[in-house]
Amino acid sequence: MKRLCLVLVALACAAPIQAASPLADLEAGKRPRLKTIYSTIKTLDYFVTAKTSGVVLVFLGTECPVARQYLPRLKELHAEYKPRGVQFLGIYSDSGVNAFRMATHAHDVDIPFPVLQDVDHRLADLLEVESTPEVVVLDTKLEKKYQGAI
């Protein structure tokens, strides 16, 4: 937990860098597609703005008891780092999760940040995510700065 906090502090204090995203440079058909609770499709670079200092991807599961245990801490981290420009995103990569189930879970456990379905598991595959809960911290160029436990 201390390491994640240190990475978040470093990202929040760093000046935002606007550059082409390695993920965005992928061919359109190979980019990870993220489905919102409204079933619209976005790419990861959509969530990086001029005010963003970093992105925290929180890989979640609707049935994962360990992820549920970490939600209070994730809510605290979100509240602390959102004002510093750190964008938190909940990612559901389980093929059995649809937009309705994802939205219901996010509502029921009161997740305060956007949640997205990793369509075709591309984002998890690209980042080599293997379990939930797992966190990936990216800079504004969407380059991985940390990956691992919360």
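Predicted model: local features only at pLDDT ≥ 70, side-chain atom pairs only at ≥ 80, totals over all residues.
Next I turned to helix H3 (residues 99–108), where I listed Ala-99, Met-102, His-105 and Ala-106 as the buried residues. Viewed down the axis of H3, these fall within an arc of 135°, so they line one face of the helix. Phe-100, His-107 and Asp-108, on the other side of H3, are exposed. I then checked what covers the buried residues, and the cover includes strand S1 (33–35), helix H2 (65–81), S4 and strand S5 (115–119).

At the ends of H3, I recorded that Asn-98 caps the N-terminal end, with a side-chain oxygen 3.2 Å from the backbone nitrogen of Phe-100, and that Asp-110, just after the helix, takes a positive phi of about 60°.

Last, I looked up other backbone angles, bearing in mind that most residues other than glycine have a negative phi and most peptide bonds are trans. Ser-39, in the loop between S1 and strand S2 (41–42), has a positive phi near 70°, and at 43% relative accessibility it counts as partly exposed. Glu-128 also has a positive phi, of about 60°; it lies in the loop between H4 and S6 and, at 58% relative accessibility, counts as exposed. Between helix H4 (122–127) and strand S6 (134–138) I also placed Pro-133, which a cis peptide bond joins to Thr-132, with omega about -10°.

Definitions and conventions: Residues numbered from 1 in each chain as written. Heavy atoms only, no water. Buried < 20%, exposed > 50% of the residue type's maximum accessible area, 1.4 Å probe, protein only. Helix = DSSP H or I, 4+ residues; strand = E, 2+ residues; numbered from the N terminus. Arc of directions from axis to C-beta. Contact = heavy atoms within 4.5 Å. Polar contact = N/O pair within 3.5 Å; in protein donor to acceptor, adjacent residues only side chain to side chain.
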